[in-house]
Amino acid sequence: NRQWLLASRPHGAPTRENFKLVEQPLPDVAQGQLLLRIVYLSLDPYMRGRMSDAESYAAPVALGDVMVGGTVAQVAKSNHPDFAVGDWVLSYSGWQDYAISDGSGLFNLGADPEHPSYALGILGMPGFTGYMGLLDIGQPQAGETIVVAAATGPVGATVGQVGKLKGCRVVGVAGGPDKCQHALENLGFDACIDHRAEDFAEQLKAACPDGIDVYFENVGGKVFDAVLPLLNTSARIPVCGLVSQYNATQLPDGPDRLSLLVATLLKKRARMQGFIIFDDYGSHFGEFYQQMGEWLAQGKIHYKEQIVEGFEQAPEAFADLLEGRNFGKMVIQVGES
Ligand code: NDP
């Protein structure tokens, strides 16, 4: 059983040296337990926070512990009445080949799910995050303008496509021409701006002639700086993530813009609200799963994943994700599917 352990806490971007690959014997399966063979491991930006011991909404991974993470697995052995060998499950088993479970916290995907890995993306935590954050906090109304960055990732792509289904104008922000083209052609966004462009702020303004009603905050940094002057009266800002800052070791240089932010919220009567998906909306998962499943079956939602072959690649793939060197939902293929 191969496992990636957290070896040290990163300063800045995580590197391979922060992880340690070990091999352990397969654990025994007691009565009431299952042995899970992990097929897909999800890599997500929040894992950067778990590698750090700074205070957050969840406890850090202890040094020497298996890295945490969402996984899709097949039941390899079952001493549990509710699960049969061969069943697919969504579990939270972390960066390893096999895991023991007592069944609690598992979501049974059945014997033959069409796309098992979708449970880590569009039909799982990131899709749920985009859906609830947009609909509950963003409150989009037909004809309004939504802006979302990390537009081709699993959260941003969900926000934009659900926004389109609600009749909004959707403007994406993404890194590079290929991602922007994907947002326009496959995801149906009305515009997509490359945040690396010199004149990014001007381009964003031109793409939002009626201002911004909902800014779904995924990245922070200079994208938010460019959004702030474009906010309309009564704008809503679901604060989902700040991935541009996760590898930062100190506050950015430059003038303190806190008073500008607060003055804008005041003058525009704007509402900014953070949320942590399962803590705040866990009871809505079934409703989301059903609705998103329908939209997928009807071809109304497009989904792109980047499946990286090889468990050994996980640390580099994770570092890539934080720097935008992923294209679509980042998943590691751990075992044979
Ligand atoms: P993605 O797959 O979209 O990966 C992160 C993306 O962030 C990169 O691909 C990159 O896209 C973009 N990015 C990185 N650095 C920068 C930068 N400096 N400026 C602009 N964009 C940058 O991730 P997810 O869809 O999984 O997650 C999106 C956000 O949602 C994250 O902030 C995450 O932490 C948050 N989240 C929050 C949850 C909650 O409960 N609050 C739950 C799940 C996710 P590009 O190349 O296009 O710039």
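**Cavity, cysteines and domains**

Analyst: The lining of the largest cavity comprises 4 nonpolar, 4 polar and 1 charged residues (nonpolar: Ala, Val, Leu, Ile, Met, Phe, Trp, Tyr, Cys and Pro; charged: Asp, Glu, Lys and Arg; polar: the others, Gly among them). The model is predicted, with local features needing pLDDT of at least 70 and side-chain atom pairs pLDDT 80 or more, while totals for chains, interfaces and linings use all residues. Numbering runs from 1 along each chain as its sequence is written, and side-chain values use heavy atoms, without hydrogens and water.

User: Which residues line the largest cavity?

Analyst: Rolling a probe the size of a water molecule over the atoms shows where empty space is left. Here the lining consists of T152, G153, P154, A157, H182, L187, H302, Y303 and K304. The search of the whole structure finds 1 cavity of 30 Å³ or more (points on a 1 Å grid where a 1.4 Å probe fits but cannot get out; lining residues have an atom within 4 Å of a point). The volume of the largest cavity is about 50 Å³, namely the space filled by probe spheres set on the points.

User: Are C168 and C180 buried or exposed?

Analyst: C168 is buried, at a relative accessible area of 2%, and C180 is buried at 8% (buried: under 20%, with a 1.4 Å probe and protein chains only).

User: How is the protein divided into domains?

Analyst: The domain assignment, automatic or from a database, gives domain 1 (2–121 + 303–333) and domain 2 (126–278). Their centres, taken over C-alpha atoms, are 29 Å apart. In their contact (heavy atoms within 4.5 Å), 18 residues come from domain 1 and 12 residues from domain 2.

Methods
Buried < 20%, exposed > 50% of the residue type's maximum accessible area, 1.4 Å probe, protein only. 1 Å grid on protein atoms, 1.4 Å probe; cavity = no way out; pocket = protein on both sides within 12 Å on 5 of 7 lines; lining within 4 Å.
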